[in-house]
Amino acid sequence: MALQGKYALITGSSRGIGRGIALKLAERGVNVAVHYHTQAESARETLAQVHAQGVKGISIQADVTRPDDINRMFDRLKREFGRLDIFVSNARPELAAFYQPPMDITLDQWNAALDSQAQAFLLSAQAASPLMPDSGGRIIAISYSPSGRTGSWQPWVAMGAAKAAQDALVRYFAVALGRRGITVNVISPGATDDSVVGRLPAEVFQAIKSWHESGWTPMRRMGTPADVGNAVSLLCMDEASFITG
Ligand SMILES: NC(=O)c1ccc[n+]([C@@H]2O[C@H](COP(=O)([O-])OP(=O)(O)OC[C@H]3O[C@@H](n4cnc5c(N)ncnc54)[C@H](OP(=O)(O)O)[C@@H]3O)[C@@H](O)[C@H]2O)c1
């Protein structure tokens with residue numbers, strides 16, 4: 001897969017799905033900027049694994065709910081890498097920051113969800129695209145599409161709305177950036193091992209895992225961060241240049 005020498009930034013790649021994406025891209029020769037919020041040690045571990053693939057790597061701290069931090073993140077990227085080919089918007093705050101049903105949610109919790117997804121994607125896509133070459137750029141948002149579809153998962157109201165807004169933004173940016181040969185897409189994983197799901201109470205995690213193994217997914221297993229990394233890699237191939245929106 002001809003991705004050697006490209007440059008990528010993956011938000012929230014200190015751990016979980018973001019780490020899986022960073023490692024799969026590094027494995028394919030992509031130079032990677034590992035982004036984190038508070039867990040510097042996890043980011044260092046990801047970065048060490050990136051370097052072990054023989055590619056360039058840096059780590060960048062930023063709170064993606066803060067516009068100034070997003071600007072600082074892209075300024076640093078420009079200074080260190082000088083260009084960007086792949087941007088993956090993956091970071092998401094801990095459940096405690098936003099997990100409340102509609103009648104109880106506070107404005108701060110609502111903002112944590114919307115700012116980390118919709119606002120962060122808007123500002124990041126605006127900042128990332130000028131650093132991309134005129135053909136071959138890739139912007140990918142990690143979503144959870146079922147989350148806002150039915151309203152049944154009540155405490156997910158803010159994140160469901162935030163992911164839906166981000167999904168809509170992806171379509172608008174796909175049109176805006178299509179003329180420059182930059183594709184903009186969403187990947188919507190199901191419950192993924194070795195991520196936030198693994199931090200649920202053990203019995204809840206086991207119930208989700210068993211459900212997947214009993215046939216909820218055709219593969220009879222949960223997906224992994226590496227599976228999502230492979231999906232990102234496929235969308236980054238030259239042959240995916242007509243897949244957008
Ligand atoms: N896990 C699943 O089953 C699943 C399913 C579908 C979709 N998704 C989506 O996949 C993405 C990753 O999920 P995950 O489970 O891998 O997450 P995770 O393990 O909880 O990791 C979250 C990442 O986001 C970073 N982060 C948290 N708050 C932030 C903030 N305010 N500003 C910047 N970065 C921040 C964290 O940095 P620190 O390490 O520094 O805290 C970490 O790198 C999310 O968008 C999620 O909605 C997940």
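**Group meeting: a walk through the predicted model**

The secondary structure comes to 7 helices and 6 strands, which, read along the sequence, follow the pattern β-α-β-α-β-α-β-α-β-α-β-α-α.

As for overall dimensions, the C-alpha atoms fill a box of roughly 45 × 35 × 35 Å along the principal axes. A compact globule with 245 residues would have a radius of gyration near 18 Å, and the protein chain, with 17 Å, agrees with that. Among contacts with a separation of 6 or more, 73% come from residues 24 or more positions apart.

Next, the ligand: which residues come nearest to the ligand? Of the 29 residues around the ligand, they are Gly12, Gly16, Gln39, Ser195 and Val196. The shell divides into 12 nonpolar, 14 polar and 3 charged residues, and helix H1, residues 16-27, gives the most to it, with 3 residues.

Finally, histidine 51 lies in helix H2, residues 40-51, and counts as partly exposed because it has 13 C-beta neighbours inside 10 Å. Histidine 51 and threonine 11 are 40 residues apart in sequence, and 18 Å apart in space, C-alpha to C-alpha.

Notes. Residues are numbered from 1 along each chain as its sequence is written. This is a predicted model: local features need pLDDT of at least 70, side-chain atom pairs count only at pLDDT 80 or more; totals for chains, interfaces and linings use all residues. Helices (H or I, at least four residues) and strands (E, at least two) are DSSP runs, numbered from the N terminus. A residue is buried if 20 or more other C-beta atoms lie within 10 Å of its own, exposed if 12 or fewer, and partly exposed in between; C-beta atoms are placed from the backbone. A residue is near a molecule or strand if its C-beta atom, placed from the backbone, lies within 6 Å of it. Ala, Val, Leu, Ile, Met, Phe, Trp, Tyr, Cys and Pro count as nonpolar, Asp, Glu, Lys and Arg as charged, and the others, Gly among them, as polar. The radius of gyration is taken over C-alpha atoms; the globule rule is 2.2 Å times the number of residues to the power 0.38. Two residues are in contact if their C-beta atoms, placed from the backbone, lie within 7 Å.
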